Amino acid sequence: MKNYVITVNGNAYDVTVEEAGGDVSAPAAAAPKAAAPKKAAPAPKAAAGGTPINAPMRGTIVDVKVKVGDKVTNGTVVAVLEAMKMENDIVSDKDGVVAAICVNKGESVETGAPVVTLN
């Protein structure tokens, strides 16, 4: 056993370390690498002539609630966006028919990126 005094942020700690038996000269097993975080995809273009419903904030699309051809009214939830560990509904701000879906489930989006386009 070895005793050490370690100072962290001005606080001293007494630490006792027990030596492991066996070959201590062998390197420790490498820790698995964490998966690289997904990068936000470039903002897709809204369908020509349509009115886009944009993401209000940066986040990840966890669900798309409509499909192309669905009729929506003002206040209809078109997708669910997760931001800062909270799920936020993205709602239509007018009546229309879904012309295009610009995102996929699990995709990261930036603020203002089109989520769906209405005609």
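**Figure 1. Lys-65 and its salt-bridge partner, Asp-63.** Let us start with Lys-65, which is partly exposed, with a relative accessible area of 49%. In this predicted model, Lys-65 forms a salt bridge with Asp-63, and their closest N and O atoms are 3.2 Å apart. Asp-63 is partly exposed too, its relative accessible area being 26%. Side chains of opposite charge can pair when their charged atoms come close.

**Figure 2. Asp-70 with Lys-67.** Here is another of the three salt bridges found in a search of the whole structure. Between Asp-70 and Lys-67, the closest N and O atoms lie 3.7 Å apart. Are these two residues buried or exposed? Asp-70 has a relative accessible area of 22%, so this residue counts as partly exposed. Lys-67 reaches 54% and is therefore exposed.

**Figure 3. A salt bridge between distant parts of the chain.** Glu-110 and Arg-58 form a salt bridge, with 3.6 Å between the closest N and O atoms. The two residues are 52 residues apart: Glu-110 sits in the loop between E9 and strand E10 (114–118), while Arg-58 belongs to the loop between strand E3 (51–54) and E4. Glu-110 counts as partly exposed because its relative accessibility is 32%, whereas Arg-58, at 58%, counts as exposed.

**Figure 4. An open sheet of four strands.** Follow the strands across the sheet and you meet them in the order E7-E6-E4-E9, with antiparallel pairing. Which strands stand at the edges? They are E7 (86–91) and E9 (108–109); each has a single partner strand, so one side of each is left without a neighbour in the sheet. A closer look at E9 shows two bridges joining this strand to E4 (residues 59–64) in the antiparallel sense. Thr-60 has Ser-108, in E9, as its bridge partner.

**Figure 5. A nonpolar patch on the surface.** Five side chains come into view here: Tyr-4, Ile-6, Val-8, Tyr-13 and Val-17 form a nonpolar patch with about 430 Å² of accessible area together. Strand E1 (2–8) and strand E2 (11–17) each give two or more residues to the patch, and E1 gives the most, with three. Ile-6 is found in E1 and, at 40% relative accessibility, counts as partly exposed.

**Figure 6. Stepping back to the whole protein.** The protein has ten strands and zero helices. Of its 119 residues, 24% count as buried. Among contacts between residues at least 6 apart in sequence, 53% join residues at least 24 apart.

Note on methods. Residues numbered from 1 in each chain as written. Predicted model: local features only at pLDDT ≥ 70, side-chain atom pairs only at ≥ 80, totals over all residues. Heavy atoms only, no water. Pairing = 2+ DSSP bridges. Patch = residues over 30% accessible without salt bridge, like charges linked within 9 Å, V, L, I, M, F, W, Y side chains within 5 Å. Areas by Shrake-Rupley, 256 points an atom, 1.4 Å probe, with all protein chains shown as cover. Salt bridge = Lys/Arg side-chain N within 4 Å of Asp/Glu carboxyl O. Buried < 20%, exposed > 50% of the residue type's maximum accessible area, 1.4 Å probe, protein only. Contact = heavy atoms within 4.5 Å.
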